[in-house]
Amino acid sequence: MREVLEIIGGIFILIGSIFLFLGALGIVRMPDVYNRLQAGTKATTLGGMSLILGVGLLEPDWIFKAIILVLFIGFSNPISSHALARAMYKRGRFPILGKGENMDAYREVYDKNKEEEVKS
Amino acid sequence: MIGAAIYAILSKDILYAVIATGVISLILSGLFYLLQAPDVALTEAAIGVALTTIIFIITIRNTVRFEDEHDKKEHIKTIEK
Amino acid sequence: MTYIEYIEYIAFFFMILGIVFSAYRFLKGPTAGDRTVALDTLTTIMVAGLVLLAYVFQRFIYVDVALVYGVLGFIGVIVIARYLEGAL
């Protein structure tokens, strides 16, 4: 039983560290604030969760604290990334759209709010 | 950590210096942890990450962000490029 | 060397590489948003690294430091974001 848990935990730790590395690589390579936010928050959330769960599997006494930590990472990372993306949009830095893409639904609401602000 | 500290001193934009202070406290806490002092690392994490950043941001909001007018013009030029 | 020790060395290698990359983006990034994203990524990598170090040292009390980071780490990012938005 112990050996099986060791092998599974090792695989989880390996997956987690590789995803943490890929998230940091995405921060360097991506061209835009929003792309960087995507790479740096999503991949890192998966990597951190997987690594902490792997350590919890290796030491079965620690599994309770490991689950609390995983829950907090799952709560806090999306909140901070959402707040940051909203702040950058309200400062007027719009995302780079590819050729033939015009799906920016929040742009209309933003423009309308801006007009009302100018009027008043 | 040394790079972030030098950047915090040399930066003309005070907001960037505040973010650099967060990085410094993060790595300093890891260093305390490696030196087998978990209680010091705990205090450093709680104070350096949350409290210092909040106080500095409120101070920036009540005063100015740039050191003088020339830096502000340079910053706007970089953003619009 | 056992199987777990190999895994630990590989994981620490990847994590140190990740810390170096996000520090590069922090020093270079053109706007305040890029630097804040780098700080957020650095916080998550550091939490995972502290938990793995606690396993290497075999001390249960060391997980508490990572727990405090996980609870408090995102407050700084949210405060900076609210300031950039102009709502604070």
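Here is a short briefing on the complex shown above, from model confidence to helix packing.

This is a predicted model, in which local features need pLDDT of at least 70 and side-chain atom pairs count only at pLDDT 80 or more, while totals for chains, interfaces and linings use all residues. Residues are numbered from 1 along each chain as its sequence is written, and chains are lettered from A in the order in which they are written.

**Confidence**
- The predictor gives the complex an ipTM of 0.87 and a pTM of 0.87.
- Chain C has an average pLDDT of 85, with 97% of its residues at 70 or above; pLDDT is the predictor's confidence in each residue, from 0 to 100.
- Within chain C, H2(C) has the highest confidence, at a mean of 88, and H3(C) the lowest, at 85; helices here are DSSP runs (H or I, at least four residues), numbered from the N terminus.

**Where chain C meets chain B**
- On this interface, 28 residues of chain C are in contact with 23 residues of chain B, contact being C-beta atoms, placed from the backbone, within 7 Å.
- H3(C) gives the most to the chain C side, with 11 residues.
- That side has 21 nonpolar, five polar and two charged residues, where Ala, Val, Leu, Ile, Met, Phe, Trp, Tyr, Cys and Pro count as nonpolar, Asp, Glu, Lys and Arg as charged, and the others, Gly among them, as polar.

**The largest nonpolar core**
- This core has 73 residues, and those with the most contacts inside it include Ile52(A) and Val51(C); a core is a set of buried Ala, Val, Leu, Ile, Met, Phe, Trp, Tyr and Cys residues joined through C-beta atoms within 7 Å.
- H2(C) gives the most to the core, with 14 residues.
- Beyond its neighbours within four places in sequence, Ile52(A) is in contact with Ala66(A), Leu69(A), Val70(A), Ala48(C) and Val51(C).

**Helix packing in chain B**
- H2(B) (residues 14-34) and H3(B) (residues 38-62) pack at about 175°, their axes 8 Å apart; axes are lines fitted to C-alpha atoms over the stretch in contact, with angles from 0 to 180 degrees between N-to-C directions.
- That makes the two helices roughly antiparallel, a label for angles over 145 degrees.

**A look at Ile24(B)**
- Ile24(B) sits in helix H2 of chain B.
- Leaving aside neighbours within four places in sequence, Ile24(B) is in contact with Met1(B), Ala4(B), Ala5(B) and Ala8(B).

Technical notes
Contact = placed C-beta atoms within 7 Å. Parallel < 35°, antiparallel > 145°, perpendicular 65-115°, else oblique. Buried ≥ 20, exposed ≤ 12 C-beta atoms within 10 Å, placed from the backbone.
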